[in-house]
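Work through the following exercises with the coordinates open, and settle each geometric criterion before applying it.

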Amino acid sequence: MTRLRKKACVALFLFTLFIFGTMMGLRTLKPSDGFSDLAPGMEMAPFAAERSEKRGEPDSDVADTKIVFSNSGHEHSIFYDIHIFYYLWYGAPQMDRGYIHWDHVLVPHWDPKIAASHPKGRHNPPEDIASSFYPELGPYSSRDPKVLDSHMSQIEAAAAGVVVLSWYPPGVADEHGEPTEDLVPAVMDAAHRHRIKVAFHIQPYRGRTELSMHDNIKYIIDKYGKHGAFYRFKSSTGKVLPLFYVYDSYLTPPEAWAELLTSRGSHSVRGTPYDGIFIALIVEERHKHDILASGFDGMYTYFASNGFSFGSSHQNWKAVKDFCDRNNLLFVPSAGPGYVDTAVRPWNNHNTRNRVNGRYYETSLQAALSVRPDIITITSFNEWHEGTQIERAVPKKTVTRLYLDYKPHQPELYLELTRKWAEQFSKEKEQWLM
């Protein structure tokens with residue numbers, strides 16, 4: 001009798017294990033109730049990624065996907081909800097008329113009394129460059145195809161899926177540089193080879209108005225809209241549209257933007273072939289109301305110096321995200337590895353944010369993830385003047401300069417940290433939607 005009871009207990013135990021294993025297996029299956037279990041604007045679409053892999057090239061129709069696998073395997077996945085700001089303004093003698101931007105002037109303070117106590121002049125590359133760090137590639141030219149390919153390889157290694165390209169109209173440049181619009185096709189081709197997409201970061205050139213912006217949008221979409229690297233975002237309403245970041249958007253009044261970005265505007269792009277997702281810069285708290293009134297689709301924070309502005313202060317991000325959620329706007333926080341611009345603004349030391357061997361960056365990324373955004377932007381890949389770059393940097397000492405570096409870590413530290421947190425972002429999104 002005792003032996004029979006033991007056999008019955010063993011059989012019951014095995015049956016219970018079978019039921020438990022079956023239930024756990026069923027839990028791993030995705031529901032087929034017709035509703036997406038992914039965040040708006042970021043679809044996994046594994047079948048689309050598989051189609052792309054079979055062709056051996058990116059599929060321009062899956063620009064809104066959250067993840068895509070490169071031909072190198074799963075460990076080299078990239079994430080299209082990680083966007084990284086990228087600058088094309090650098091020049092060097094082998095490709096240009098001379099050094100451009102690496103020889104940046106020391107910008108004087110607007111108060112003459114403060115300006116008098118700081119150095120003046122400009123930098124003298126290649127030993128003395130306008131940065132507190134020194135690039136592994138040296139003071140390079142953005143026109144060099146090898147540089148572009150190296151950059152896209154680094155961005156792919158960092159798992160960032162979208163390059164946000166600093167953009168000026170043809171023939172226009174920032175006050176310290178030269179026009180670079182002619183370089184955009186080469187950037188897009190290089191990005192395409194690495195399965196990276198390109199969005200546009202429209203800069204505040206002299207004379208920028210809502211009317212000139214209409215022309216800019218039309219130009220960009222007409223010229224680049226059919227390129228395989230051109231980025232489109234899938235909104236929560238299901239529309240798939242180009243996404244534009246508009247730097248210093250607050251310089252144009254809301255009523256002017258509304259003429260372009262609301263359906264009632266006199267030269268509205270809404271509902272036309274030039275419609276898009278337009279993301280404005282929030283600096284001051286009042287800007288969030290202006291952005292809403294302007295007809296923008298969302299707001300981003302850009303600055304990598306926590307506390308520098310209302311928008312860049314991590315402690316304010318939850319309130320800004322709540323405002324955006326209530327008003328059907330995207331909130332796109334910007335995380336950065338640190339900030340030091342004293343090589344170009346020697347009087348601005350109070351805004352320096354030390355990297356602390358990567359801890360500042362991880363704190364910034366954690367703050368961004370904590371508000372559950374659709375997209376996170378990285379400031380920046382290569383804004384060397386402000387010391388926000390994650391591009392590989394190396395130790396460098398000259399007669400007059402001792403550059404900062406990433407020691408005790410390797411030059412790729414910030415690429416690796418970006419990948420780590422991109423993967424974490426993807427995992428947390430899955431959890432948010434369970």
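The model is a predicted one, in which local features need pLDDT of at least 70 and side-chain atom pairs count only at pLDDT 80 or more, while totals for chains, interfaces and linings use all residues. Residues are numbered from 1 along each chain as its sequence is written, and side-chain values use heavy atoms, with hydrogens and water left out.

**Exercise 1.** Classify the ring pair formed by Tyr90 and Trp102.

Solution. Start from the criterion: rings of Phe, Tyr and Trp (its six-membered ring) pair if their centres lie within 6.5 Å, and planes under 30 degrees apart count as stacked, over 60 as edge-to-face and the rest as tilted. For Tyr90 and Trp102 the centres are 4.3 Å apart and the planes stand at 25 degrees, so the pair is stacked. Next, place the residues: both Tyr90 and Trp102 lie in the loop between β2 (73–86) and α3 (112–115), so the pair ties together parts that are 12 residues apart in sequence. Helices (H or I, at least four residues) and strands (E, at least two) are here DSSP runs, numbered from the N terminus. Finally, check burial (buried is under 20% relative accessible area, exposed over 50%, partly exposed in between, with a 1.4 Å probe and protein chains only): Tyr90 is buried at 2%, and Trp102 is buried at 0%.

**Exercise 2.** Classify the ring pair of Tyr247 and Tyr302, and locate its two members.

Solution. The ring centres of Tyr247 and Tyr302 are 5.5 Å apart and their planes are at 75 degrees, so this pair is edge-to-face. Tyr247 belongs to the loop between β6 (240–246) and α7 (254–261), whereas Tyr302 belongs to the loop between β8 (298–300) and α9 (317–326), so that the pair links distant parts of the chain, 55 residues apart. Both tyrosines, Tyr247 and Tyr302, are buried. They also belong to one aromatic cluster, whose members include Phe85, Tyr245 and Phe308.

**Exercise 3.** Describe the chain as a whole.

Solution. The chain has 11 helices and 11 strands, and buried residues make up 56% of its 434 residues.
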